[in-house]
Every structure is written in structure tokens, then in C-alpha cells.
Amino acid sequence: MLVAPLLVGCFASGGDTSSEGSADGARLRVALAFPPTESFSPYGADATLLSRLGVTEGLTGLDANGTAVPALAESWTRENDRGWLFTLREATFQDGTKVTASAVAAALTHATEAKVIPAALSGVDLTAKAEGADRVRITTADPDPVLPLRLSSPGLAVLSARAYGGAGAVSPVGTATGPFELTATTGTTSATLDRFDDYWGGRAQASGIDAKFVADGTARTNALRTGETDLAEAVPVSQAASLDKGTAHETATTRTTSLFLNAGSGPFKDAGTRAAAREAVDTSALAEGVYEGHADAGAGIYGPAVNWAEGKRVAPVGRARATDPDGTSVTLATYDNRPELPEVAQVLKQQLEKAGFEVKLEVREYARLESDVLAGKFDAFVSARNAMLDTGDPVSVLASDYTCDGGYNLALLCDKRVDRAVDAARGVSDIELRRDRAMEAEAEILGTDAVVPLVHQRIITGVASAVSGVLFDPYERALVGTGTRR
């Protein structure tokens, strides 16, 4: 989403973002929490790594209010309920070729044909065609009033023709359009990026980025404290107080930590058993205990950073009566890339056991866990999910995460009432009415007890005192921009 100085002011930054002195800007050392799991393919979780490091961008971006703003497209018009026309700005790919309408159309077509469809395209049948050299016509099989928001997704990044190989392979190395070019990777441990001097939005102040992927939160914090890194994302709350004054920056995000209960198989397929688990959870103990006040108790799928949600929230509907767990044995899983999650899971284990469940806890790195969760191999899963990450649209995340055909349905939920509620929201173009429908669908989802919102997170980013211009983005798509420097 790092699209230009135009967007630098959209999020709070760590200091001056002027371009003075940019020619000799030092390289930035960045410690990230999640390693690449798909060789930096933009079609999965790695898409956010690329956008946070300033490598990729799409036709549009998001501002701090969740509104679509220009990126590679400088403007767009809606021609009818299924068709949009996007006018491109003059830009260059990192391999030296021009960003043309045909290149953009080809990139979007590749996304629609990917083996794993990007979450932003869940339930969407999209066609892109070039109209001359600088305009792209995008049509959808069904009306899609939020298409410009959808195209801001990191998973719909535009890459040059050289990025796409046989058998669906795609590589962003030297083929993207952002201010930093990915030049080398070392497995899942590190990546090297150089400044892309021909970036359409202006030359970045940092000469490059040396990124390391460090799953252990304490290790990331120690690297910042000892001067080995300039930026450390997702600092554990237990470590924040140990940082020098002014180096720990807290940002309210649209990320919610939730307990997902496997509604497709096993003991939690029964709604009464799910209700018993939900009643056993004390969210305030998690917010004040595990997160030490750096989070808010779970209220719904959308948290306080989605500032319109609170006044529209609808009480959950159709909840089943809780049944006695009576020693029901369940396996609870989570991952340690976000350092608070294992502690959250441990507290939940105690709460569930107090209610009468027998609980086995399993903790792995996320990359070794996701496929098993989606395959239904666990009864319960604790995960931190940014509800607005994929599209910025509140309805799209419901479609991908909670419908029968959703591509990221961690709870394996398939409920006809939920699907109807989400479908009722999808076609609404008026923004306020769309939000109303999203909240009605949220009430249906929460009523199934397949997901129990635990806490709404504030993320802590560690920034060395010599670094300025860091982007603190509630959507967690941006971190390093053209104005970031040391």
C-alpha cells in the first residue's frame, strides 16, 4: 500500500518525511515476526510482507479512514453496476518495463487463476481487459460496489510479465512497482531490498532494507535494544517497558484475537458444546492480564479501530443453550509468532478446564499450523486476524472467513443463515447501509458461537531513536515508506 508521498500522511509516522538528504540515506534493518511461507507469492500470507516492506502495490490503496485512494490507478469511474474503468498513472516496473493496461490486466487475470485465490477475490468472478495503453476495464459477474476497496488488497499487487512462470509460479523479485525492490532472499530467514530509483512516487530516503524474520518476540525486542535492528514489529507487551523512552509505539489496529471453534467436525460441531466454551471464556482477564492493558476486551469481529462499528453493533442472535462439557476432550492450537498467543491459549485452557473440558494444548510456528487448521485437525484455534486487512471492506472478510465457500474459514463454519446474511450485505452500495448489513451478519456469525472474540489488539512497534518516517497503519499493510530513514 506504500504508494506515494500522497499516502505518507494517511497514517501516523515516526518523524519528518521530507526528501532532504535522501541520496545518502542509510539502509534500514527490520525485524519482522512472520517468515515467508510461500516463497513471497502475493497470493497468500506473504502478500502483507511485501506491502509492509514497500515492494508491491495495486491499483488502489487505503487511507486511514478505510477509503480507497489512488495508487497505480490515478482515477476510476463506475460505468454500471458490474463495470469499472480505471485510468493508470505513468509508472515503471522494477525490471524497467512500463506499467501498461495490458500488463495490469494480465496481472489481475493471473490472480483470478491462482491455485489459491487471494482472499480479496473470495466469491468474486472478476475479468480485466486493457482499453488502449492506459485504461483497464474491470467487470464482475455480480454487482460489486466496493471493487476499488477490493483492489487495494496486498494480494492483488500488480507485477510485470516476467513475474509469472509456468505452473502458476509467481515471483515479486525485481518485478513489482513499489519504492523498494526485492533483490535476494535467504529461505525463510532474511531478505534484501534495494531502493528503486525510478519509483513513480519519488525516490525513497533509505537506500535499501535488510529484513530478518524472527519468530521469537523477545529476540526481536533484544535486537532493537542492542542496536542490531532499527525496526522491530510486534513487540511483546511484556517487553515494551524494557525499551528506551520513545522507542515503543502503540497503534490501535483492526486486528482481533479470537477463539475459533471447529464447527465442521469433532466435539464443537455441536452448538451446545460451543456455547459452553464461549460461556467459559473471561475476555477481561485476557485484556488486563495477558495483554497488560494493551488490548480491549473482545466485543465482536470488528474492534474499536473500526470506529463506526460500536454504534451499529447488534446483539448475537440464535445462540444455542450451553450443554455440560462433562469431561469432553478437545485439542486447542495456536502459534508463537505473536508472543501473547501461547499465553492466551494457556489461560483459555485453564478457563475451559474449569468449565469441565479436558484440554490438550499445541503450539507451533504459524507456517507449520495453518494448513492443519483449515483441514480441521484441531478442535479449537486461537488466532489474531486483521478483519480489514484483505480489502478494507467489512463484508468481504465475513465472506472469506465465515461462509460455506470462504477460503479462510478457520472455524469450518457452514451455516445457511450466516450465508444469507452475508449475501444480503454483499450487493449493497450505500456505505452506511452496507455497514448496517455487515453488523447484522456479524450478529448471525456470533450467534453460532463458532468464533469467540477475545481481545482487540493494539500493536507495539519498536523504533530506534535515530529512525523517522515509520508508517503506523491500523490495517497493518504499511510499515516502511518513501519517507522512512535513519
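**Entry 1: Gly-155**

I started at Gly-155, which sits in the loop between α4 and β9 (180–186). This is a predicted model, so I kept that in mind for everything that follows. Is Gly-155 buried or exposed? Its relative accessible area is 8%, and with buried set at under 20%, Gly-155 is buried. I then looked up what Gly-155 touches, leaving aside neighbours within four places in sequence: the contacts are Pro-42, Tyr-43, Ala-47 and Pro-118. I also checked Thr-48, which is 107 residues from Gly-155 in sequence. In space, the C-alpha atoms of Gly-155 and Thr-48 are 7.7 Å apart.

**Entry 2: the whole protein**

Next I stepped back to the overall picture. I find 13 helices and 19 strands in the protein. Along the principal axes, the C-alpha atoms fill a box of roughly 65 × 55 × 45 Å. How does the radius of gyration agree with that of a compact globule? For 486 residues a compact globule would come out near 23 Å, and the protein has 22 Å, which agrees.

I looked up burial too, and 58% of the 486 residues count as buried. Of the contacts between residues at least 6 apart in sequence, 71% join residues at least 24 apart. The accessible surface comes to about 18,200 Å², and carbon and sulfur atoms account for 47% of that surface.

For charges, I noted 46 positive and 64 negative ones. Their mean positions are 1 Å apart.

**Entry 3: helix α11**

I wanted to see how α11 (residues 394–402) is placed. Nine of its nine residues are buried, so the helix is largely enclosed by the rest of the structure. Among the buried residues of α11 I wrote down Pro-394, Val-395, Val-397 and Leu-398, and also Ser-396, Ser-400 and Asp-401.

What do the buried residues of α11 pack against? On the helix side I listed α4 (147–150), α12 (416–426) and α13 (431–447). On the strand side I listed β13 (248–261), β17 (380–386) and β18 (451–463). The helix α4 was already in my notes, as one end of the loop that holds Gly-155.

**Entry 4: the disulfide**

How many disulfides does a search of the whole structure find? It finds one. The partners are Cys-404 and Cys-414, with their sulfur atoms 2.0 Å apart. Both cysteines lie in the loop between α11 and α12, so the pair ties together parts that are ten residues apart in sequence. The torsion about the S-S bond is about 95°, so I logged the disulfide as right-handed.

I checked accessibility for each partner. Cys-404 has 31% relative accessibility and counts as partly exposed. Cys-414 has a relative accessible area of 57% and is exposed.

**Entry 5: two positive phi values**

Last, I looked at backbone torsions in two glutamates. Glu-292 is not a glycine, although its phi is positive, at about 50°. I placed Glu-292 in the loop between α8 (283–290) and β14 (295–297). At 44% relative accessibility, Glu-292 counts as partly exposed.

Glu-476 also has a positive phi, near 60°. I found Glu-476 in the segment after β19 (471–472). Is Glu-476 buried or exposed? Its relative accessibility is 5%, so Glu-476 counts as buried.

Technical notes:
Residues numbered from 1 in each chain as written. Predicted model: local features only at pLDDT ≥ 70, side-chain atom pairs only at ≥ 80, totals over all residues. Heavy atoms only, no water. Helix = DSSP H or I, 4+ residues; strand = E, 2+ residues; numbered from the N terminus. Rg over C-alpha atoms; globule rule 2.2 N^0.38 Å. Buried < 20%, exposed > 50% of the residue type's maximum accessible area, 1.4 Å probe, protein only. Contact = heavy atoms within 4.5 Å. Areas by Shrake-Rupley, 256 points an atom, 1.4 Å probe, with all protein chains shown as cover. Lys, Arg positive; Asp, Glu negative; His and termini not counted. Charge placed at Lys NZ, Arg CZ, Asp CG, Glu CD. Disulfide = S-S within 2.5 Å.
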